[in-house]
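Reader: I am new to this structure and would like to know what stands behind the words used for it. Please set each value against its definition.

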Amino acid sequence: MAEELGTRAVADGEPARWYDELWSAAGRGDVALPWDHTDPNPVLAAFAQPPAPGAGRRAVVVGCGLGADSEHLARLGWETTAFDISPAAVAAVRERYPDSAVDYRVGDLLDLDPDLARGFDLVVEIYTLQALHPSLREAAVTGLHGLLGTGGTALVVQMVRRDDEPRTAEPPWTLTRAEVEALAHDGVRLEALDEVPVEGRAYLLWRAVLSRP
Ligand SMILES: C[S@@+](CC[C@H](N)C(=O)[O-])C[C@H]1O[C@@H](n2cnc3c(N)ncnc32)[C@H](O)[C@@H]1O
């Protein structure tokens, strides 16, 4: 269903429209979300594990979905904000974690809340860039940069697309190495870029670490 809604939204000239449609369908029980998990993404779990320097430092999770990554960071002591463009997603995550320490909110990476600007020591972005149509990529990267404070680090995790693989018409719009490298500009540096296997899956992930020195 994600592929169908994504393709139709792009054809209608409204490429950012389909996430809330999908979340609402999930809320009605019409579809199971592929990203419904309660364990943190393994790449994040390996990156931020106890004892992590979370206490007193601020983290943000972009496109937080059902909150497994933001809850992980909050447990490690990060003062965590997590946002998603879909009000249905934010309602679902608040329902899942009613006593959470995380500040969950509706928010758009393409049009950031001003109070989030350059506010974070750690920015975590997992599978959201690839969920955004390539026509929205530049604005998405501006948003990502906009969250990162001076001295801060960003962890970006995306599925690998090889240079000889064509970009698909439907989501996910996965990234090539060059596209990940292109995330670094305007004072944001690429510190590391690795390919990471995923247990039980045929695909590989990009694990990119960026910084704003
Ligand atoms: C593929 S899901 C990944 C969810 C989560 N990061 C995970 O790995 O479980 C992408 C998420 O990004 C959200 N999203 C899409 N566009 C967004 C935007 N412009 N700003 C914030 N969130 C967005 C979607 O609603 C969806 O929850």
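Author: A definition comes first: Lys and Arg count as positive and Asp and Glu as negative, while His and the chain ends are not counted. The place of a charge is NZ of Lys, CZ of Arg, CG of Asp or CD of Glu. On that basis the mean positions of the 19 positive and 34 negative charges of the chain are 3 Å apart. This is a predicted model, in which local features need pLDDT of at least 70 and side-chain atom pairs count only at pLDDT 80 or more, whereas totals for chains, interfaces and linings use all residues. Residues are numbered from 1 along each chain as its sequence is written, and side-chain values use heavy atoms, leaving out hydrogens and water.

Reader: How do you know that the size of the chain agrees with a compact globule?

Author: The radius of gyration is taken over C-alpha atoms, and the globule rule is 2.2 Å times the number of residues to the power 0.38. For 213 residues a compact globule would have a radius near 17 Å; the chain has 16 Å, so the value agrees. The C-alpha trace spans about 45 × 40 × 40 Å along its principal axes.

Reader: What makes up the secondary structure of the chain?

Author: Helices (H or I, at least four residues) and strands (E, at least two) are DSSP runs, numbered from the N terminus. The chain has seven helices and seven strands, in the order α-α-α-β-α-β-α-β-β-α-β-α-β-β.

Reader: Why is R105 called buried?

Author: Buried means under 20% relative accessible area, exposed over 50%, and partly exposed in between (1.4 Å probe, protein chains only). R105 has 17% relative accessibility and therefore counts as buried. R105 lies in strand β3 (residues 103–106). Contact means heavy atoms within 4.5 Å; not counting residues up to four places away in sequence, R105 touches T81, A82, F83, D84, V90, R94, D113, D115 and L116. Across the chain, buried residues make up 48% of the 213 residues.

Reader: And why is H37 called partly exposed?

Author: H37 has a relative accessible area of 31%, so the term partly exposed applies. H37 sits in the loop between α2 (18–27) and α3 (42–47). Leaving aside neighbours within four places in sequence, H37 is in contact with A68, D69 and R96.

Reader: Which residues does the annotation "domain: Methyltransferase" cover?

Author: That UniProt annotation, from an unreviewed entry, covers residues 62–152. Such annotations may be inferred rather than shown by experiment. Over residues 62–152 the chain is 32% helix and 25% strand.
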